[in-house]
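Here's a quick briefing to read with the structure open in your viewer. Have a look around first, then come back for the details.

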Amino acid sequence: MYQEKKDYQSWICDKCQKELELTKVKVHYLEGEFEVELLNCPTCHQVFINESLALGKMAEVEQGLEDK
Amino acid sequence: MDLDKLLETGDRCIFREPPTCTANCPVHLEIIEFISEIEKGDFQKAYKLMEKKIPFHRIIGQICDHPCESFCVRSAAGGAISISELEKAVLEYGAAKPKKIWPVPKKKGKVAVIGAGLSGLTVAVDLDKKGYEIVLYEKTDRLGGRLWDHIGESLKEENLSEELKLVKDKGISIQFNQELDKNRLMDLLLEYDAVYLGSGGWDEQLEFNPKTFQVDELNLFIGGKIVTRNDSVIFSASSGRRAALSIERYLSKVSLTDSREREGIFETPLKQDVSETEVIIKIEKQSSIYSKEEAIQEAKRCIKCQCRKCMDGCNHLRKFDISPYAYVRQINHNERIILGTHYANKMINSCTECGLCKEECFLDISMKDVIQDTRESMVERNKMPVSAHDFALKDMAFSNSSRFSLVRKQPSKEQSKDLFYYPLISFSDYVKGLYHGTGKTEYLFYPGCQLPASYPDDVKSIYEYLVGHVKGDVGIYLGCCGAPADWAGRQDLMGENIEAIKKVWEEMERPTFILACSSCIRVFEKYLPEIKVQSLWDIYAEKGLPNKDQIKIPQTLSIHDACGTRENSDLHESVRKIASKLGYNIEELKYSRERTKCCGYGGLVYYANREQSDGFVAERIQESPHDILVYCTMCKDLFVSGGKRTFHLIDLIYPKDNEDGAVKKMPTLSERHQNRSRVKRSLLKEVWNEEVDEPAQDDYQLVIPESVRQNMEDRYILMEDIQAVVKNAQESRKRFFNPESGDYLASLKREHVTFWVQYAQEDDKVLIRNVYSHRMEIVEE
């Protein structure tokens, strides 16, 4: 899972008014736990997930883990 | 799950069984493949198939007595396929030079072959190829024996000589003019590792094993006419080939009998139904041999026998292009995997469990039962993909929550006077009926969860009708029977649900349940056999319709029976009776009543594999040019969303003045919830005069464009999910902002799903731009 700059260049964290940064974030589903680079707010760390990531790679990994 | 039992079930499937022609060909030419190649015009490939299976194919192909043809299933529909003529055509148009075979060192043993007729030559050539040293003893001065009697129009002398020369060219040692007697035979048995006796004129009776052709326990094997006791060339060749195999096994010191069940001719379990096969008359050859085109036309007549009855009826089996035989094997693999991907999960969750396969199968193989057992096993082993049935199970929980669930006895006569006590107006049946309650709840109306979701305005009318027409009090019970849990393999939830229903039944002193939904009927029969049930439609058929004069335009309808009612022929009758009472003409579908298909909702396929569900819908709705009549809410909703004009019985019994019932759209997932809650509230208010809490006002006024609504349906996102995300975002400001567009993007995890909403604010309205969700969780540091 990765995100490109074009996916986020316009979005900022509303609460902190900060631009988003790509850093390693832990995600998990069922038995799987990974560290992936995702956009998040450098201050409050809320993670940004856009539609294509959620319905694309993320859904694919979810499906893969469900079928393990 | 008992996997041995599972495999047994799969092995009963005859999908892969050979056709009668091949089973009755002593050398098992793959006739369907052979004919398919001819049909494609590929005579060379057809030739290779002959070469592979038929000893001396260039001779036998001309003179075979073709026992296959008398068993051809096509004979009942235009005459048997002329397989022997096709073989001759293939020899003419597809012949290739024999492959150059490099001689194998002859180190495996010495075998004497007595008699150079067809069977002896077959043994000699087969064993020579395998590396045995062969000595051929022939009483005359030429090879071929009785083959020379067949010289004629098909088999030319020069062709036979040429073929026999090939045997000599192999370097097999041949001793001509050797008349052998019993004593000489005894000598040969000592001298050679094994002896084959294929001399048709041998006088002495020999005791032999009919499977292996071994004489006693000796190193003597026999074949040809002594074994076949007829003049058939193909049986003779077959006996030689089988004896050669025995000799090879004998000399290799392995079992002579293992895995030889289907040698020679055998009875195939395959049964081909030709009752609906179009009659096509046999193609006659215009000269001594089929032309290529004639051969192709004749090949096209072949039915290519294969049992596909279940597959023909089932969109699912065809979509995955799988027979029960192969399906069971994939399930078996899926069940046994410990580490690795369970590739069959999606397929297993794409079966509607409608039961048509069993109905179509003359061996009663039920994939419905196999799939149900498999899903239960997947749940038990914690291998069921959560996302497949999650939404449906949440929907079930909703229906059994206080937002819908309700149990009430019929109001007393005094309380319900305005509702049920109508004077009879003699010129019309337009009455709700007289009050004839008894104070004891004889019936409990259980409309299920989908009828109230799709027809919220009619539940009260149906209830009033029932109170006015059946003897004894009619209570009402709103809830979900548990069908989603059953389909999802969730026996834990199913058990709880059944207990809850049973408890109500006991508390109400065991009334008869009146069921409107076919899935409820199925679930009650399966899990609650002690509860007496009656179908709502049976009651309408028996007691008469409430609005007799309501028929608008008489028309022809095709009835799509609900798959849950497959075995309920009384119900099928009732539905037809109601439709015809209303003045409709019925044209039956090919797959109807006990052979009906599923609409695509069953087995929760609608949630687990929408594409598969759409496949069922698309196939079913094009089976009739007429509007369809259904009596299951999901059938109606799916067919209408597929673009087919479809009436539910409710549309006909309770027609609305300003509405074409046949195009009434499926409510959205959110509307289904709202409708159910509305049914509960309105019944409580209007029938029981109870105070009802109105639902809490939505926090935000959402403006949702059509494209987003469609996404909500496809992604199983409810209005309440969006409300919750927006509320959380507005209150906490935990959201993202896009200064260019002015949009916000916010998320909220609800149970196991994280919902994302992109929105903009405009005055007091919230404009929804997009919605999506995922199940993966972000681990907050």
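Predicted model: local features only at pLDDT ≥ 70, side-chain atom pairs only at ≥ 80, totals over all residues.

Chain B and chain A bury about 3100 Å² between them, and a sheet of 6 strands takes in β1(A) along with strands of chain B. Over all chains, a search of the whole structure turns up 68 salt bridges.

**The A/B interface**

- The contact draws on 33 residues of chain B and 32 residues of chain A.
- Carbon and sulfur atoms give 57% of the area of about 3100 Å² buried between the two chains.
- On the chain B side, the residues that lose the most area to chain A are F736(B), M776(B) and I778(B), and together they make up 24% of what that side buries.
- On the polar side of things, there are 18 residue pairs in polar contact between chain B and chain A, counting pairs with both residues at pLDDT 80 or more.
- Which elements of chain B give two or more residues to the side that touches chain A? They are helix α19 (386-399) and the strands β16 (736-738), β17 (743-750), β18 (753-762), β19 (765-774) and β20 (777-778).
- The largest share of that side comes from β19(B), with 4 residues.
- By type, the chain B residues touching chain A split into 12 nonpolar, 11 polar and 10 charged.
- Between chain B and chain A the salt bridge count is 3.
- D14(A) and R735(B) form a salt bridge through their side chains, at 2.6 Å from N to O.

**The sheet across the chains**

- The strand order is β1(A)-β16(B)-β17(B)-β18(B)-β19(B)-β15(B), in an open sheet with mixed pairing.
- Which strands stand at the edges? They are β1 of chain A and β15 (701-703) of chain B; each has a single partner strand, so one side of each has no neighbour in the sheet.
- At the chain crossing, β1 (residues 12-13) of chain A runs antiparallel to β16(B), and the two pair over 2 bridges.
- C13(A) has F736(B) in β16(B) as its bridge partner, and F736(B) is also among the three chain B residues that lose the most area to chain A.

**Salt bridges within chain B**

- E619(B) and K597(B) meet through their side chains in a salt bridge of 2.8 Å, N to O. The pair links distant parts of the chain, 22 residues apart: E619(B) sits in helix α29 (residues 610-621), and K597(B) in the loop between β12 (585-586) and α28 (605-608).
- Are these two partners buried or exposed? E619(B) is buried, with a relative accessible area of 14%, and K597(B) counts as buried at 6%.
- That pair belongs to a network of salt bridges linking R318(B), K597(B), E619(B), R620(B) and E623(B).
- D651(B) and K636(B) also form a salt bridge, again 2.8 Å from N to O. D651(B) is in helix α31 and K636(B) in helix α30 (residues 633-641), 15 residues apart, and both residues are buried.
- K45(B) and D42(B) make a salt bridge with their closest N and O atoms 3.9 Å apart. Here K45(B) is partly exposed at 43% relative accessible area, and D42(B) is partly exposed at 23%.

**Local spots to look at**

- G661(B) lies in the loop between α31 (649-653) and α32 (669-686) of chain B, and it is buried, with a relative accessible area of 11%.
- Setting aside residues up to four places away in sequence, G661(B) touches K636(B), T646(B), F647(B) and D651(B), a list that includes both partners of the salt bridge between D651(B) and K636(B).
- The C-alpha atoms of G661(B) and D651(B) are separated by 5.4 Å, with the two residues 10 apart along the chain.
- D390(B) sits in helix α19 of chain B and is buried, at 12% relative accessible area. Leaving aside neighbours within four places in sequence, D390(B) is in contact with V753(B) and R775(B).
- Most residues other than glycine have a negative phi.
- F213(B), not a glycine, has a positive phi of about 65°; this residue lies in the loop between β4 (194-197) and β5 (220-222) of chain B and counts as buried at 3% relative accessibility.
- D216(B), also not a glycine, has a positive phi of about 45°, and its place is in the loop between β4 and β5 of chain B.

Terms used. Residues numbered from 1 in each chain as written. Chains lettered and ligands numbered in written order. Heavy atoms only, no water. Contact = heavy atoms within 4.5 Å. Buried area = accessible area lost by both parts, 1.4 Å probe. Salt bridge = Lys/Arg side-chain N within 4 Å of Asp/Glu carboxyl O. Polar contact = N/O pair within 3.5 Å; in protein donor to acceptor, adjacent residues only side chain to side chain. Nonpolar A, V, L, I, M, F, W, Y, C, P; charged D, E, K, R; others polar. Pairing = 2+ DSSP bridges. Buried < 20%, exposed > 50% of the residue type's maximum accessible area, 1.4 Å probe, protein only.
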